[in-house]
Amino acid sequence: GICFPCPQEGCPMMGHYADRFPEKLKRVDQKYFLNTAADEPFATWRQKVFIKLSGVKKTRGDINLVYYDTQGNSKEYEVANGDLSQDDIYTEYLDVEINPRNTAKIEFLWNKAIFSLLWARLGAKTVNIIHGADG
């Protein structure tokens, strides 16, 4: 928490996001950042999430996944937001702070936009989560 704020072009990252900052090699005395979890073992586990929706053709809102671990901790992650359609598959890489071996439950949440149709319902037809070398 003592390294911020980041420069306007963003924080040059080590690890998974290093390729997003190609300019970093051109600078002298560059600071680098590494995302970690708040608690030991400080690791994050990269997971690739695919979600196919069901329920409505198109709507506005956001899709989140909530991870629960075996000790009762939880953390919410955003997968998509804005215009959503059941014809699309939403894919996102998440750096999850809960070890996959300790994950007890993953909950699908849909938060509809304020001006969305009141009767609209949306669910997950499929949710695939892959973890390993890079997701």
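Entry 1. Is Lys75 buried, exposed or partly exposed? I looked up its relative accessible area, 32%, so Lys75 is partly exposed. I use buried for under 20% relative accessible area, exposed for over 50%, and partly exposed for in between, with a 1.4 Å probe and protein chains only.

Entry 2. I note that this is a predicted model, in which local features need pLDDT of at least 70 and side-chain atom pairs count only at pLDDT 80 or more, while totals for chains, interfaces and linings use all residues. Residues are numbered from 1 along each chain as its sequence is written, and side-chain values use heavy atoms, with hydrogens and water left out.

Entry 3. I looked up the sheet. It is open, with 3 strands in the order S4-S1-S6 and antiparallel pairing. S4 and S6 stand at the edges with a single partner strand each, so one side of each has no neighbour in the sheet. Neighbouring strands are turned by 25° against each other on average, direction ignored. The axes behind that angle are lines fitted to C-alpha atoms, for helices over the stretch in contact, and angles run from 0 to 180 degrees between N-to-C directions. Strands (E, at least two residues) and helices (H or I, at least four) are DSSP runs numbered from the N terminus; two strands pair if DSSP finds at least two bridges between them.

Entry 4. I went through the pairings of S1. Strand S1 (residues 45-54) is joined to strand S4 (residues 89-96) by 8 bridges. In this pairing Trp45 stands opposite Val96, and Lys52 has Ile89 as its bridge partner. On the S6 side (residues 123-131), 8 bridges also join the strand to S1, and Ile51 stands opposite Val127.

Entry 5. I looked at Leu94 in strand S4. Leu94 counts as buried because its relative accessibility is 6%. Beyond its neighbours within four places in sequence, Leu94 is in contact (heavy atoms within 4.5 Å) with several residues, among them Trp45, Val49, Tyr67 and Tyr77.

Entry 6. I turned to salt bridges, each a side-chain nitrogen of Lys or Arg within 4 Å of a carboxyl oxygen of Asp or Glu. How many does the structure hold? It holds 4 salt bridges. One of them joins the side chains of Asp95 and Arg46 at 3.2 Å, N to O. Asp95 lies in strand S4 and Arg46 in strand S1, so this pair ties together parts 49 residues apart in sequence. Asp95 and Arg46 are both buried.

Entry 7. Arg60 and Asp83 meet in a salt bridge at 2.8 Å, N to O. Arg60 lies in strand S2 (residues 58-69) and Asp83 in strand S3 (residues 74-85), so parts 23 residues apart in sequence are tied together. Arg60 is partly exposed at 45% relative accessibility, whereas Asp83 is exposed at 58%.

Entry 8. I came back to Lys75, which forms a salt bridge with Glu97, the closest N and O atoms being 2.9 Å apart. Lys75 is in strand S3 and Glu97 in the loop between S4 and strand S5 (103-112), 22 residues apart. Glu97 is partly exposed at 29% relative accessibility.
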